[in-house]
Amino acid sequence: MYKRSEQGWLKHLDFIFLDVLCAQVALMLAYGLRFGFTQFIYADEDFRKMAIWMALFCVIIAVVFNTMHDVLKRSRFAEIRHTLTQCSLVFAAVVVFLYSVKDAEKYSRLVVWGTLPIYMAITLTTRMLWKRWLLRRRAAGNQRGMLLVTDAASAAASVERFESHPVERVNLCGIVLTDRDGKGEQIAGVPVVANLDDAARYICREWIDEVFIGVSDSASTPYTLMDRCREMGVTVHLQIMPTGSRTQFVERIAGATVVTSSMNFASPVQLFIKRAIDILGGLVLSLLALLAIAIIGPMVKHASPGPVLYKQERIGQNGRKFKMYKIRSMHVDADAHKQELMDQNRVGSGLMFKLDFDPRIIGNEILPDGTHKRGMGEFIRWYSLDELPQGFNVLLGQMSLVGTRPPTVDEWERYEYHHRARLAMKPGITGMWQVQGRSKITDFEEITRLDTDYIANWDIGLDFRILFKTVWVVIQRKGAM
């Protein structure tokens, strides 16, 4: 019987527990330095409450932001960065909580702010020592006898991979080649003990705990040998060949076991948090949109008769079509004149439409001397007021606060395969390319790269960083058009 390790954040419960313990010790030390070590912190009702909330925030942030991911494989520098991030987020959550309650003045600022450096130092030291002990224990005690089944082209690389991962160190007791008879040879110091025809017989007669099957071509996977191993009760590991996607995992769909590949994946908790933030932000934007329509709407209608709200069909997540709302900043017949201006498009591929000066915008004129006069439509765009009604789309679940720019139908019809990756998440009001330069970026391939990087590296923390940058970019009017 094979003992499977815990999956997801559950396998790092020891590190989460240690972080909680370190937070409590740091708080005790800061309290002792301020009030003396003769007083017990948990006897103080106010600081007992702070200690409880600090412990809860340690667990919540570790789970939501997945700060323990690959904790045993991280380099020393990466561990320092992740530890400081975890501690800072926990401390920020505690400070926001304390100063949100009415009795915040009861807490000593020296204790509160003194806790942070102590917490960081203790946590980092504890993590480093615990990692070192775990790695040494696993390296010394992990002596499972494993047979490697692979093809000749992959054999040396497979052996090297086992030797370079001390967390998964095993005793490679032999190699079976699937594409030729190499019995008696040695590859990277490991003997070739059998060929594919007599591999099952060898496993039956020798000390073999597990079999690892990793071939470069899935068509040559020795399924008959896998069946024999299961018949003998020998654990088999089938390597999932890389597909270029960031994540691959095994799951069951309609009763079938499948290997799922995706650019990224989100846990139900992460999706719940993202949707909750979207609903909150969507409500705020919708209220601001109603206010903007009440103030700007009459001016828009006076300058250019027609509806204040502009609806345009856009392409959403995975090709879903929806109507996107904006405050109209162009004349009502703007779409009909788009093709006439295509030769002035700054994005040469036609996969996005951007002009240095768009005469369709309300108030824009080309004067007799050739100079450009910019009107109120430009003002609406400079401060992104036209995008406020997209809060309605967010509330309807068609868009998110942060995502990728939704293409128009004609842009979408020109997409190549790699452009389609931009549709793997809900489109957003803001996103990676907007905060990197907004309309200054005119290379659509660069926009695609930024959007796919966002999807591949997505987490809740990244959304928060983009939202904060968006506010700053809008205030400075960087790249607005």
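The model is a predicted one, so local features need pLDDT of at least 70 and side-chain atom pairs count only at pLDDT 80 or more, while totals for chains, interfaces and linings use all residues. Residues are numbered from 1 along each chain as its sequence is written, and side-chain values use heavy atoms, leaving out hydrogens and water.

**The α1 and α2 pair**

- Helix α1 spans residues 13-35 and helix α2 residues 45-64, and their axes come within 9 Å, crossing at roughly 150 degrees. Helices (H or I, at least four residues) and strands (E, at least two) are DSSP runs numbered from the N terminus; axes are lines fitted to C-alpha atoms, for helices over the stretch in contact, with angles from 0 to 180 degrees between N-to-C directions.
- That angle makes α1 roughly antiparallel to α2, a term used for angles over 145 degrees.
- On the α1 side, the contact (heavy atoms within 4.5 Å) is made by I16, D19, V20, A23, Q24, L27, Y31 and F35. From α2 come F47, M50, A51, M54, A55, C58, V59 and A62.

**The nonpolar cores**

- A nonpolar core is a set of buried Ala, Val, Leu, Ile, Met, Phe, Trp, Tyr and Cys residues joined through side-chain atoms within 4.5 Å. Buried means under 20% relative accessible area, exposed over 50% and partly exposed in between, with a 1.4 Å probe and protein chains only.
- The largest nonpolar core has 35 residues, and M399, L401, I429, M432, Y454 and I466 touch the most other members.
- At least two residues of this core come from each of α8 (268-303), β10 (321-327), β13 (400-402), α12 (432-436), α13 (444-456) and α14 (460-476).
- Not counting residues up to four places away in sequence, I429 touches L285, E387, Q390, G391, V394, M399, S400, L401 and Q434.
- A second, separate core of 30 residues includes A23, L27, A30 and M50.

- T448 sits in helix α13 and is buried, at 3% relative accessible area.
- Leaving aside neighbours within four places in sequence, T448 is in contact with H418, H419 and R422.

**Two positive phi values**

- Most residues other than glycine have a negative phi.
- N318, a residue other than glycine, has a positive phi near 55 degrees. N318 lies in the loop between β9 (309-315) and β10 and is partly exposed, at 42% relative accessible area.
- S384 is not a glycine either, yet its phi is positive at about 55 degrees. S384 is in the loop between α9 (376-382) and α10 (390-395) and counts as buried at 12% relative accessibility.

Notes: Angles under 35 degrees count as roughly parallel, over 145 as roughly antiparallel, 65 to 115 as roughly perpendicular and the rest as oblique.
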